[in-house]
Amino acid sequence: AATKVAKLWSRLPATPPPPAVCVAHLSLEILLVGSTQTLSLEEMPTAAFLPSLLLLLADRSYATPTTIKLGLEWFLNPDHLPLVVALREGYFAEAGLDVQLLEPADHWEAEEEILAGRLDVAVTETLHLAQDAARGKPVIGFSRFLHTDGGVLFLGSSNISRPSDMCGRTISYPGSPGIGGPAIVQTMVEADGGSCDIASYGKHNGGFYHVKALQDKAAAVATLVFYNFEVIEAQQMGLRPGFFSLKEWGVPDFCQLVLFTTPQRLQALRPQLRQLVLAMRRATGLIKREPARAARIYEQHVKGSAAAAGTTNRSALAKVGAALSGAAAMVNPVAAMRRRKERKLEAAIFDATLAALPNDNSLSGAYFQGLMAWLVKTGQVDAQVGPELLPEGYWTNDIAL
């Protein structure tokens, strides 16, 4: 029978009683399909069961799961599906982990939070991991869990049909007026055979509200876009979006979410981080085999998180707004139509995200070498630092493989 023996340890004293006492008095919760029942050991096949029981009694680690405080890179969204499913389905708990998913109130330097003991692990993109390593920050990535198609978004009304048409246009991107946005667009223009002065681009900081920036005509193009979010959003809004993919126009394919920590925490938590990755891999399998079930799990988690948090974080506010619009829809047909559109958009984003969940959590050294070379070439990393920085200094496959 499939057992949840770990649940017993909350009932056991700090010093377990002798096995004979356990055999005489201990009862176990056996989780059977469709029901839960409690059986005494006298009712069980003792000879077959005792070896496993005695091994568990000798190891109290199941009684005290390791807490892992995991920081999300943004507010909770479908990109985090493997984390949510592993948490809600008990995969983390079965691995002896108490994983806490934490959202930034606005923005945080995750490696500083880890050094301060407020986080153990955090989510980032490969782009930011490489940039942070080049700045000398103590970071090391160890598992990829999302690989979406990233690139540049534009609308049908922009008179852009190929990358070279973006020369001199205004770019919306997080981090503006930094060099990142123009570096991406300029690389694409040149890959398309165009010639453009990199100083000619306009810069707009619309944050991550890429579609709004284009709608408001604050910019002609937006970059650092995830296909499974912003392109789907623009499609659902009927805006006739166009999209240039990083990987097709000379830019390293860096729209990939990875887990990272500090070298010190990696060494301290190595076995637990391996279990974390395996639990997420198991969750990814469930998501792909049973997407409808995964959608229900995610929806329940979001609702539960919003109800329990009592905070002003963005996902909670979004769900409160959804609840209010749902109530209004009962009496207002316009609100009802708006809510139907919201649900359709949420479903489309969810479906598009499923294709972005990889089975392989590793990344090659050659990948990071190419990414670092591009960062140096475009002036985003010091030319004296980047070429000397080996990928194994900030990425390891030892946990994922």
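**Disulfide, sheet and cores of a predicted model**

A search of the whole structure finds one disulfide, a term applied to a pair of cysteine sulfur atoms within 2.5 Å. The structure is a predicted model, in which local features need pLDDT of at least 70 and side-chain atom pairs count only at pLDDT 80 or more, while totals for chains, interfaces and linings use all residues. Residues are numbered from 1 along each chain as its sequence is written, and side-chain values use heavy atoms, with hydrogens and water left out.

The disulfide joins Cys167 to Cys196, with an S to S distance of 2.0 Å. The two cysteines lie 29 residues apart and link distant parts of the chain: Cys167 belongs to the loop between S7 and strand S8 (170–172), and Cys196 to the loop between helix H7 (180–191) and strand S9 (202–204). Helices (H or I, at least four residues) and strands (E, at least two) are DSSP runs, numbered from the N terminus. The torsion about the S-S bond of Cys167 and Cys196 is about 95°, so the disulfide is right-handed. Cys167 is partly exposed, with a relative accessible area of 31%, whereas Cys196, at 13%, counts as buried. Here buried means under 20% relative accessible area, exposed over 50%, and partly exposed in between (1.4 Å probe, protein chains only). Cys255 is also buried, at 1% relative accessibility.

Strand S6 (residues 140–147) runs antiparallel to strand S12 (residues 256–261), and six bridges join them. Within this pair, Ser143 has Leu259 as its bridge partner, and His147 stands opposite Gln256. Seven of the eight residues of S6 are buried.

The largest nonpolar core has 89 residues, and Leu70, Phe254 and Leu276 have the most contacts inside it. Helix H11 (residues 270–289) supplies the largest share of this core, eight residues. Apart from it lies another core, of ten residues, among them Leu153, Leu155, Ala219 and Ala234. A nonpolar core is a set of buried Ala, Val, Leu, Ile, Met, Phe, Trp, Tyr and Cys residues joined through side-chain atoms within 4.5 Å. Beyond residues up to four places away in sequence, Leu70 touches residues including Leu83, Val99, Leu119, Leu259 and Leu276; contact means heavy atoms within 4.5 Å.

In helix H9 (residues 227–236), Asn228, Phe229, Glu230, Val231, Ile232 and Ala234 are buried. Their cover includes strand S7 (150–155), helix H8 (210–215), S10, strand S11 (241–245) and helix H14 (333–354). Just after H9, Gly238 takes a positive phi of about 75°. Strand S10 (residues 221–226) contains Thr223, which counts as buried at 0% relative accessibility. The side chain of Thr223 reaches the backbone oxygen of Gly151 at 3.3 Å. Leaving aside neighbours within four places in sequence, the contacts of Thr223 include Val152, Ile171, Tyr173, Ile184 and His210.

Note on methods. Two strands pair if DSSP finds at least two bridges between them. A polar contact is a pair of N or O atoms within 3.5 Å; within protein, one must be able to donate a hydrogen and the other to accept it, and residues adjacent in sequence count only if both atoms are side-chain atoms.
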